[in-house]
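Keep the picture beside you as you read.

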Amino acid sequence: MADNQNDKSRKDMSAFWEQHSKEASLEEMFLDSQAKEISKMEEREILSLMCDVKKKDVLELGSGIGRFTGTLAKDANHVTSLDFMEPFVRKNKETNGHLKNITFVTADVTKQHFEPKSFDVVFSNWLLMYLSDAEVNELIINIIKWIKPGGKVFFRESCFRQSGNTKRDFNPTNYRSPSTYCAMLQLAKAETPAMGLDILFCRNIKAYIELKKNHHQCCWLLQKVSRTTSHQGYDTFQQFLDNKQYTKNGGFKI
């Protein structure tokens, strides 16, 4: 049953992004007609919140047209840049292909595998909201395996509701609460002895607050650490789900 749900989730997301990747434009990436204005302010902010990538091996997940790929590659030892939409990957190659320390990968992150402890840093901007809960949990476990001990992970997501003004015939995006993401990120464990992710910070993206009065763009910086105890009194994300109360509109109470 779970496999059927995940298959449907991937088909829905593929159909959604096939509809919104035809031009491989900045507006399609943001799903917003104000993309150019937002991007100028937002990119600087995101990069200022990122950990140091100098001489690091970086995995960029959901890289899109490569808004951050080239900047990461300028300091990193190597960047592996992955997206599942071919038009976006082609655009990224056109823009950043001259940089020889980038490997471009066209693949679905839910089906991708890397060698354990291959990366120092994992960077992702708008990805988890396009995965089901089960897919998010599996990906976080994989990331814990892929990064080295002490490695850093950066995520940025849209929470609660959509932020862009692009018309959508259908929208399979999962707009979770920040507390749900915090639980997902901290409750995942992998390896023996157990390793997990500790949250170094979680904060709003100020550019969206200033330009769109939107307080629901959130980012996290995490670090791979030894995980010997439960977090928030829960040992698994399912326990978290079972014990959380829902609001009338189906969202989690924070």
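Four elements, α1 (2-19), β1 (57-61), β2 (78-83) and β4 (119-125), each give at least two residues to the lining of the largest cavity. Those labels come from DSSP runs, numbered from the N terminus: helices are H or I with at least four residues, and strands are E with at least two. This is a predicted model, where local features need pLDDT of at least 70, side-chain atom pairs count only at pLDDT 80 or more, and totals for chains, interfaces and linings use all residues. Residues are numbered from 1 along each chain as its sequence is written, and side-chain values use heavy atoms, with hydrogens and water left out.

What is the volume of the largest cavity? It comes to about 330 Å³. Among the 27 lining residues, Gly62, Gly64, Asp83, Trp126 and Leu127 sit closest to its centre. A cavity here is a set of points, on a 1 Å grid over the protein atoms alone, where a 1.4 Å probe fits but cannot get out, and lining residues have an atom within 4 Å of a point. Points are joined across faces, edges and corners, and the volume is the space filled by probe spheres set on them.

## Rings and a charge

How many aromatic pairs does the structure hold? There are 11. One of them joins Phe114 and Phe119 edge-to-face, 5.3 Å centre to centre with 90° between the planes. Rings of Phe, Tyr and Trp (its six-membered ring) pair if their centres lie within 6.5 Å; planes under 30 degrees apart are stacked, over 60 edge-to-face, and the rest tilted. Phe114 is buried, at 19% relative accessible area, and Phe119 is buried too, at 6%. The cut-offs are under 20% for buried, over 50% for exposed, and partly exposed in between (1.4 Å probe, protein chains only).

Ring pairs also link Phe16, Trp17, Phe88, Tyr130 and Phe170 into a cluster. Elsewhere, Arg203 lies over the face of Phe201, 4.2 Å from the ring centre. To count as over a ring, NZ of Lys or CZ of Arg must be within 6 Å of the ring centre and within 35 degrees of the ring normal.

## The whole chain

Zooming out, the chain has nine helices and seven strands. Of its 254 residues, 54% count as buried. Take the contacts (heavy atoms within 4.5 Å) between residues at least 6 apart in sequence: 69% of them join residues at least 24 apart.

Ser118 gives you an example. It sits in the loop between β3 (102-106) and β4 and is partly exposed, at 24%. Ser118 and Trp146 are 28 residues apart in sequence, but their C-alpha atoms are 5.5 Å apart in space. Leaving aside neighbours within four places, Ser118 is in contact with Asp57, Trp146 and Lys148.

Most residues other than glycine have a negative phi, and most peptide bonds are trans. Now look at Thr192 and Pro193: a cis peptide bond joins them, with omega about -5°. Pro193 is in the loop between α7 (178-187) and β6 (195-204).

Where do you find Phe160? It lies in the loop between β5 (147-158) and α7, with a positive phi near 70°, and is partly exposed at 40%. Lys213 also has a positive phi, near 55°. Lys213 lies in the loop between α8 (206-212) and β7 (217-226) and is exposed, with a relative accessible area of 65%.

Terms used: On a 1 Å grid over the protein atoms alone, a cavity is a set of points where a 1.4 Å probe fits but cannot get out, and a pocket is an open set with protein on both sides within 12 Å along at least five of seven lines; lining residues have an atom within 4 Å of a point.
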